[in-house]
Amino acid sequence: MKIVIAPDSFKESLSAAEAVRAIERGVKQACPGAHTVCVPMADGGEGTVDAVLAATGGQARQSQVHDALGRSTQAQWGWLDDGTAVIEMASAAGLEGIPAPQRDPLAADTGGVGELILAALDAGARKLILGLGGSATTDGGSGMLRALGARFLDAQGNALAPGGAALQALARIDLSTLDARLADLDVQVACDVDNPLCGPQGAASVFGPQKGASAPQVRQLDAALGRLADVAHQTLGQDHRDAAGAGAAGGLGFAAHAFLRARFRPGVELVAELGGLAQALQGATLAFTGEGRMDAQTLRGKTPAGVARLAQQAGVPVVALAGSLGDGYEALHPAGITAAFSLMPGPHTLDHALAHAGDYLAARARDIMQLWMAAARRRL
């Protein structure tokens, strides 16, 4: 019996690799002879580097960079044998590392992301996989580009301050000192949203509030991103503000489209390819996937939906395990999720649930496998 185990991380609780081990433990408790194939997954957000390294045997590296508030921080990135660097922007400019009272949506900056790219270039990277998601920023990627050598200037030729709000005064983008090595860098962006840069579905309007932006600040940031798009259009001769994914990670997607000539791919698709998930599903009896919360939004590029799509193609039923099941999760059934289960056995505090997620994950996997085998015996 071949069982494929391909979950995402469970936020603030388990990495994807830890979730794999917990599910595998439950499967083996019920069926010691099961052949398990483990493929840790991610969708481009937090945990992407860990998932790719676990799937490929790549090397974890550390670099000292600046976080979204300009503070020194240690950020992890990945290195693959073929000269590919794997970076998730959240490791340098993520929201989770900044307590709510300290968040500054107007000044938060992606400079640390550019510093990680510089570290990759210094290491000789020929390809870059850049995961978007979990950002604390709404600066349109200007901080990243500044770290890579671009200059953002006002009408008097003065350099702008970091952050999205300062872009309201943008008059000129000077690319003369942009790192020349970028011209030969093949950039792929792992992204699970298709929002444009500006407007009601843009970076500020949709994602700004969760980063601490008030309604007036959302309007201010949206106008500033519009100004960035206007000046970038003047500079490059092309307008990328409505490109799919331009609004991802506070507009970092826009900078990747316009200035790095990046190719965008669904994050789960890219990680699945690197981990050989489609091949692993061939001949499988059952697949497990999961993440911290599943609801109707899971269909929009999240890991369980991506795993289910590949499993459907291979004719493999999929069981999804989640910390919680939200409104509309039933929509996942037609998309290939055979059944979905919440981990919690009863009322508990969130802290308790997070601390015991591994045990609950193993227990659910064990019970599901026991039911599966009982059904199989009846068929025989």
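Biologist: How many bridges join β3 to β4, and do these strands run parallel or antiparallel?

Modeller: In this predicted model, β3 and β4 run antiparallel and are joined by eight bridges. Within that pair, Gln-64 stands opposite Gln-74 in β4, which gives you a place to begin when you trace the two strands on the screen. The hairpin that β3 and β4 make has five residues between the strands, and in it Gly-70 takes a positive phi near 85 degrees.

Biologist: How should I read the side chains along such a strand?

Modeller: In a regular strand, the side chains alternate between the two faces of the sheet. With that idea in mind, you can follow β4 onward to β5, with which β4 pairs in the antiparallel sense over two bridges.

Biologist: Which residue stands opposite Trp-79, and which glycine takes a positive phi in the hairpin of β4 and β5?

Modeller: Trp-79 stands opposite Ala-85 in β5. The hairpin of β4 and β5 has four residues between the strands, and there Gly-83 takes a positive phi near 85 degrees.

Biologist: In what sense do β5 and β6 pair, parallel or antiparallel?

Modeller: Strand β5, residues 84-88, and strand β6, residues 127-131, pair in the parallel sense over five bridges. As a point of reference, Val-86 has Ile-129 as its bridge partner in β6.

Biologist: What is the order of the strands in the open sheet of six strands, and which are its edge strands?

Modeller: The order is β3-β4-β5-β6-β9-β10, and the pairing is mixed. The edge strands are β3 (59-66) and β10 (263-266), each of which pairs on one side only. From one strand to the next, the twist averages 30 degrees. Helix α4, residues 111-122, lies across β3, β4, β5 and β6, and runs at about 135 degrees to β3.

Biologist: What is the pairing in the open sheet that five strands form?

Modeller: The pairing there is parallel, and the strands follow the order β2-β1-β11-β12-β13. Neighbouring strands are turned by 25 degrees against each other on average, with direction ignored. To look at one pair in detail, take β12 and β13, which run parallel and are joined by four bridges; Ala-322 stands opposite Ser-342 in β13.

Biologist: Which strands does helix α1 touch where it packs on the sheet, and which does helix α11 touch?

Modeller: Helix α1 (residues 16-30) touches β1 (2-5), β2, β11 and β12, and its direction makes about 170 degrees with that of β2. Helix α11 (residues 303-314) packs on the sheet by touching β11 and β12, and its direction makes about 160 degrees with that of β11.

Biologist: Which domains does the domain assignment of the chain give?

Modeller: The assignment gives domain 1 (2-39 + 276-377) and domain 2 (48-267). Taken over C-alpha atoms, the centres of domain 1 and domain 2 are separated by 32 Å.

Biologist: What volume does the largest pocket have, and which residues lie closest to its centre?

Modeller: The volume of the largest pocket is about 1,400 Å³. It is lined by 49 residues, of which Lys-11, Asp-43, Glu-291, Arg-293 and Lys-302 are the closest to the centre. Among the elements that give two or more residues to this lining are α6 (203-207), β12 (318-325) and α13 (357-379), while β11 supplies the largest share, four residues. Sorted by class, the lining of the largest pocket holds 18 nonpolar, 17 polar and 14 charged residues. Domain 1 and domain 2 each contribute at least three residues to it.

Biologist: Why does the second largest pocket lie between domain 1 and domain 2?

Modeller: The second largest pocket lies between them because both domain 1 and domain 2 give residues to its lining. Its volume is about 490 Å³, and of the 27 residues that line it, Glu-46, Glu-88, Ala-90, Ser-91 and Glu-96 are the closest to its centre. Two or more residues of that lining come from each of α2 (48-56), β4 (72-79) and α3 (90-93), and α3 gives the most, with four residues. By class, the lining of the second largest pocket has nine nonpolar, 10 polar and eight charged residues.

Note on methods:
Residues numbered from 1 in each chain as written. Predicted model: local features only at pLDDT ≥ 70, side-chain atom pairs only at ≥ 80, totals over all residues. Heavy atoms only, no water. 1 Å grid on protein atoms, 1.4 Å probe; cavity = no way out; pocket = protein on both sides within 12 Å on 5 of 7 lines; lining within 4 Å. Points joined across faces, edges and corners; volume = space filled by probe spheres on them. Nonpolar A, V, L, I, M, F, W, Y, C, P; charged D, E, K, R; others polar. Domains from an automatic or database assignment. Pairing = 2+ DSSP bridges. Axes fitted to C-alpha atoms, helices over the stretch in contact; angles between N-to-C directions. Contact = heavy atoms within 4.5 Å.
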